[in-house]
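Dear colleague,

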Amino acid sequence: FTPTAGPGMPFVLTSQEPLCAQSSSKVMQFILTDSNRRQVAGVEIIVTWSQGEDRFFTGFKPELGNGYADFAMEADAIYNIRIVTGGAFVPDISAPTCTDPNGAEYPGGILLTFQQP
């Protein structure tokens, strides 16, 4: 018998990747998985910034994965992320600056992947 992380186990940020496709401009994407790398639905995420706070859950876009959630960012805002289950906290997230083939800059998106240990 091997113990596995249950729904109350903390999540840890395992990767943070900029997304420079125009379709992902100013979108913060989340993927949350358990210790077996299966996506986890129903996990609450809180995003705060100087103008407010938003709360949402993974799993509302099952076509993108049960552990998927996303959030529309403002180009110049700085965000703090908290995964309610286990209290993982990631400060100072902002949209990366991307460059198109013509050299014009635009705000990109970001993919944050969290996993239970």
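The model is predicted, so local features need pLDDT of at least 70 and side-chain atom pairs count only at pLDDT 80 or more, while totals for chains, interfaces and linings use all residues. Residues are numbered from 1 along each chain as its sequence is written, and side-chain values use heavy atoms, with hydrogens and water left out.

Glu-44 is buried, its relative accessible area being 17% (buried means under 20%, with a 1.4 Å probe and protein chains only).

Glu-44 lies in strand β3, residues 44-49 (strands are DSSP runs of E, at least two residues, numbered from the N terminus). Strand β4, residues 52-57, pairs with β3 in the antiparallel sense over 6 bridges; pairing requires at least two DSSP bridges. A hairpin through 2 residues connects β3 to β4, and Phe-57 in β4 stands opposite Glu-44.

β3 is also among the elements that give two or more residues to the largest nonpolar core, which has 23 residues. Such a core is a set of buried Ala, Val, Leu, Ile, Met, Phe, Trp, Tyr and Cys residues joined through side-chain atoms within 4.5 Å. Ile-81 is one of the residues with the most contacts inside this core.

Yours sincerely

Note on methods
Helix = DSSP H or I, 4+ residues; strand = E, 2+ residues; numbered from the N terminus. Buried < 20%, exposed > 50% of the residue type's maximum accessible area, 1.4 Å probe, protein only.
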